[in-house]
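Here is a short report on one protein model. Look at the structure first, then read on.

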Amino acid sequence: MIYQQFQQSPFQPRISGARAWLAMAVSVSLICLSLFLLPFVLLFGAIALGCLVLFSRIYVARQVSKFNRAQAQAQAQEAASQETEFYRSTNVVRETHAEQYRGRTFEHQQDEK
C-alpha cells in the first residue's frame with residue numbers, strides 16, 4: 001500500500017511501556033508541585049524584598065545622618081576658623097555706631113552716597 005506509513009503513528013513504538021508512563025507521571029507531578037509551590041515562592045520573595053527595603057531605609061538613614069553630622073561639624077569648624085581670622089585681620093573696618101543699629105536694618109545716612 002502506498003500510504004502504509006500513515007496507518008500507524010510513528011511515535012507509538014517510541015513512547016510506550018513502563019518508562020514512558022513513569023516519565024509522564026514524574027513530569028506531571030513536577031508541574032503540579034511547581035504550581036502548588038509558586039504562591040509560596042512569590043510570598044517568600046515579597047517578604048524578602050520587604051525586609052531588604054526596610055533594612056536599606058534604616059541603613060541609608062543612618063549613613064545620611066552620619067554624613068550630615070560630619071558636614072555640620074566641618075562647616076562649624078570652618079566658620080569658627082574664618083571668624084577668628086576675620087576678626088584678627090588688620091583690614092577690618094568696624095562700624096562706629098554699631099550699638100545703635102543692632103537688630104534693625106541699617107539705613108544709609110542722607111549725606112552718604
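Val 26 lies in helix α1, which covers residues 18-88. This is a predicted model: local features need pLDDT of at least 70, side-chain atom pairs need 80 or more, and totals for chains, interfaces and linings use all residues. Residues are numbered from 1 along each chain as its sequence is written, and side-chain values use heavy atoms, without hydrogens and water.

The protein has 1 helix and 0 strands. Both are DSSP runs, of at least four residues (H or I) for helices and at least two (E) for strands, numbered from the N terminus.

Of the 113 residues, 1% are buried. Buried means under 20% relative accessible area, exposed over 50%, and partly exposed in between, with a 1.4 Å probe and protein chains only. Some residues of interest:

| Residue | Relative accessible area | Class |
|---|---|---|
| Val 26 | 41% | partly exposed |
| Cys 32 | 48% | partly exposed |
| Cys 51 | 47% | partly exposed |
| Phe 55 | 54% | exposed |
| Tyr 59 | 45% | partly exposed |

The whole structure holds 0 disulfides. A disulfide needs two cysteine sulfur atoms within 2.5 Å.

Now the aromatic rings. Rings of Phe, Tyr and Trp (its six-membered ring) pair if their centres lie within 6.5 Å; planes under 30 degrees apart are stacked, over 60 edge-to-face, the rest tilted. The count is 2 aromatic pairs. Phe 55 and Tyr 59 are stacked, because their ring centres are 6.0 Å apart and their planes at 20°. Phe 55 and Tyr 59 sit 4 residues apart in helix α1, so about one helical turn separates them.
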